[in-house]
Each structure stands twice: as structure tokens, then as C-alpha cells.
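This report covers selected side chains and their surroundings. The sequence and the model come first.

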Amino acid sequence: MDLIRIICAIILPPLGVFLQEGLGKHFWINILLTLLGYIPGIVHAVWIIARR
């Protein structure tokens with residue numbers, strides 16, 4: 001299941017975080033990071049998914 005989340009995180013970073021955490025603070029942080037730059041959003045999303 002983590003592989004699917006990581007693929008979603010690469011395509012659309014907030015989706016990967018949403019699947020892992022829901023609508024919490026990490027989701028909104030990822031939205032902000034993705035708007036500021038696509039790569040920071042991907043890094044944050046993969047980090048959120050991989051830490052568990």
C-alpha cells in the first residue's frame with residue numbers, strides 16, 4: 001500500500017499525504033509547499049509516507 005501512496009505523492013503530492021494522514025496539518029503544509037514549488041511538495045509527501 002505504501003508503494004501506491006508514494007506513486008500518488010509523486011504525481012500529486014497532497015493526495016499522497018491525504019491518503020496517509022487525512023485533512024490534518026500535514027495536508028495543509030503540503031498544499032502550501034506544493035504551491036511554492038512542486039519538488040518541496042514531493043519531498044514532504046514522501047517523507048510523511050516513509051516515516052511510518
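## Charge over a ring

Arginine 51 sits over the face of tryptophan 47, 5.5 Å from the ring centre. For this label, NZ of Lys or CZ of Arg must be within 6 Å of the ring centre and within 35 degrees of the ring normal.

## Basis of the values

The model is predicted, so local features need pLDDT of at least 70 and side-chain atom pairs count only at pLDDT 80 or more, while totals for chains, interfaces and linings use all residues. Residues are numbered from 1 along each chain as its sequence is written, and side-chain values use heavy atoms, with hydrogens and water left out.

## Aromatic cluster

The structure has two aromatic pairs. In one, the rings of phenylalanine 18 and phenylalanine 27 have centres 6.0 Å apart and planes at 65°, which makes the pair edge-to-face. In the other, the rings of phenylalanine 27 and tryptophan 28 have centres 5.0 Å apart and planes at 80°, so this pair is also edge-to-face. Rings of Phe, Tyr and Trp (its six-membered ring) pair if their centres lie within 6.5 Å; planes under 30 degrees apart count as stacked, over 60 as edge-to-face and the rest as tilted.

Phe18, Phe27 and Trp28 form one aromatic cluster. Phenylalanine 27 is buried at 11% relative accessibility, phenylalanine 18 is partly exposed at 37%, and tryptophan 28 is exposed at 54%. Buried means under 20% relative accessible area, exposed over 50%, and partly exposed in between (1.4 Å probe, protein chains only).

## Asparagine 30

Asparagine 30 belongs to helix 3, residues 25-36. Helices (H or I, at least four residues) are DSSP runs, numbered from the N terminus. With a relative accessible area of 0%, asparagine 30 is buried.

The side chains of asparagine 30 and histidine 44 are joined by a polar contact of 3.0 Å. Such a contact is a pair of N or O atoms within 3.5 Å; within protein, one must be able to donate a hydrogen and the other to accept it, and residues adjacent in sequence count only if both atoms are side-chain atoms. Leaving out residues up to four places away in sequence, asparagine 30 touches Pro13, Pro14, Val17, Gly41, His44 and Ala45. Contact here means heavy atoms within 4.5 Å.

## Arginine 5

Arginine 5 is part of helix 1, residues 2-11, and counts as buried at 17% relative accessibility. Not counting residues up to four places away in sequence, arginine 5 touches Gly16, Leu19, Gln20 and Ile49.

Methods: Helices (H or I, at least four residues) and strands (E, at least two) are DSSP runs, numbered from the N terminus.
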